[in-house]
Amino acid sequence: MIYELGPVGRNFSGGIEAHIMNLAENLAHMGHTILFLTGAIPGAKKTYCKNRIKFKRVDWLGLVSTAWNPYKLTVRRQFFFFLAALKESLRIRREKFDVVHGHIYMSGLLAYLFGKITKIPSINTIHGSYYDVWDFIEKNSFKSKFFRIMEKILSSFLARHCSYQIHTDTAFAKKVKRWTGNHKKIKTILNGVNITRFSPNIEPMEKLKGGSPVIMTVRRLVPKNGVRFLLEAVPFILKTNDVKIVIIGDGPEREQLVKLSSELKISKNVIFVGGIPNYRVPSYLSAADVVVVPSIVEASSISVLEAMAMAQPIIAANIPGITDVTSNGLTSYLVSSGSPNEIAKAVLFLLDNPSYGKKLGKTARNVVEKQHSWTNIAKEIAVLYKSAILEQKSQNSEYL
């Protein structure tokens, strides 16, 4: 496994980290052995083992660790991680590996190169895309255009040259299929959730129990996650209901969101918890009356899946990725993306109709148990690994 951001012990907060760790843990439980090549973190051990997973942190002149920030993706960190991981890959190339799996673009390129050098299959997972919303996320038009071009080039290159490319949403998978004309190598495997860790039986966070209803969102604080739309909905909600808005997560947008809360005169109703490890999220979610996911772009949303697994009433943006895992009126209440007014109406409706919210939550829990447990998803990916290994052995035999 290759990805620049890895956990510190049990601590990880990003959706991609959650995906990789759940995949690795379930593969290990199935009897596989995993080496997880990841970026250095200040003060963390360079190598350590957990069950059948070995973590190896790499650095380049200390530049990877100094750029470490789980809430902000930076080109600088990815570039130096690429150099450090490439160097380490060349060092360990003679060790016996059956498959190499890189996540996102730089790690996907590393996986491809390592596979070429060692003649083993390479898998690349694309965890969603900003392709359609770069103009919203990046105000600099030159950078926005550059990122769009690079996404198209890199996703297409990796789809053509890796053994398989996995997508965690259907919308971007369709785009890459159209760009490459290669349907066989591109597979869509949606995200999953740990249905034991995220369960309706989890005790709620004590300090959030009682008092006003709790409206919660668990999001990295970046523009694409749309937390500002939830805050802009609060004045409408407060006209009839006193609520607590609990925001779990951190990121470059936090200062702006705190300022926005002040400007909207809702600061006393908003709690910025900050970033917390994923294993602590369930007790917070358990204390929520409504969970809101107001994104403008998502893969198959892990935040939605985690709330579904907790059987919580969910309000989410009606966008691709989110609609891959949830259905309006069946497992969630979907609203137009970027609409504070619709979010407010949905919150008020669910607060006034708690039995409806419980019905949504119960159905949602049943859906994740059947379709999105990590046990089943890991098995599906393991089957893909085996298929890639057999195809690679066949190619190697033909070459010899």
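How many residues does helix α14 have, and how far does it reach from its first C-alpha to its last? Helix α14 (residues 354–371) has 18 residues and reaches 26 Å, close to the 26 Å expected at 1.5 Å a residue; that expected span is 1.5 Å times one less than the number of residues. Helices (H or I, at least four residues) and strands (E, at least two) are DSSP runs, numbered from the N terminus.

Before going on, a word on the model. It is a predicted one, in which local features need pLDDT of at least 70 and side-chain atom pairs count only at pLDDT 80 or more, while totals for chains, interfaces and linings use all residues. Residues are numbered from 1 along each chain as its sequence is written, and side-chain values use heavy atoms, with hydrogens and water left out.

The buried residues of α14 are Gly357, Leu360, Gly361, Ala364, Arg365, Val367 and Val368. They cover an arc of only 165 degrees around the axis, which puts them on the same side of α14; the arc is that of the directions from the helix axis to the C-beta atoms. Here buried means under 20% relative accessible area, exposed over 50%, and partly exposed in between (1.4 Å probe, protein chains only). What covers these buried residues includes α11 (302–309), β13 (333–335) and α13 (340–352), where contact means heavy atoms within 4.5 Å. On the face turned away from the buried side, α14 carries the exposed residues Ser355, Lys358, Lys359, Lys362 and Lys370.

**Salt bridges**

The structure holds 11 salt bridges, each a side-chain nitrogen of Lys or Arg within 4 Å of a carboxyl oxygen of Asp or Glu. Here are some of them:

| Salt bridge | Closest N and O atoms |
|---|---|
| Glu4 with Arg77 | 2.6 Å |
| Lys56 with Glu88 | 3.8 Å |
| Arg91 with Glu88 | 2.9 Å |

Glu4 forms a salt bridge with Arg77. Because Glu4 lies in the segment before α1 (15–29) and Arg77 in helix α3 (residues 75–91), the pair ties together parts that are 73 residues apart in sequence. Glu4 is buried at 7% relative accessible area, and Arg77 is buried at 1%.

Lys56 forms a salt bridge with Glu88. Lys56 lies in strand β3 and Glu88 in helix α3, so this pair ties together parts that are 32 residues apart in sequence. Glu88 also pairs with Arg91; both lie in helix α3, three residues apart, about one turn of the helix. Arg91 is exposed at 55% relative accessibility, whereas Glu88 is buried at 12%. Salt bridges that share partners join Lys56, Glu88 and Arg91 into one network.

**Around helix α4**

Ser107 is buried, at 2% relative accessibility. Leaving aside neighbours within four places in sequence, Ser107 is in contact with Ile2, Tyr3, Glu4, Phe81 and Gly102.

Leu113 is also found in helix α4 (residues 104–118), and is partly exposed with a relative accessible area of 31%. In the loop between α4 and β5 (122–126) sits Lys119, which has a positive phi of about 60 degrees although it is not a glycine. Lys119 counts as partly exposed, at 42% relative accessibility.

**Another positive phi**

Leu61 has a positive phi of about 55 degrees, and is not a glycine either. Leu61 is found in the loop between β3 (53–58) and α2 (63–66), and counts as exposed at 76% relative accessibility.
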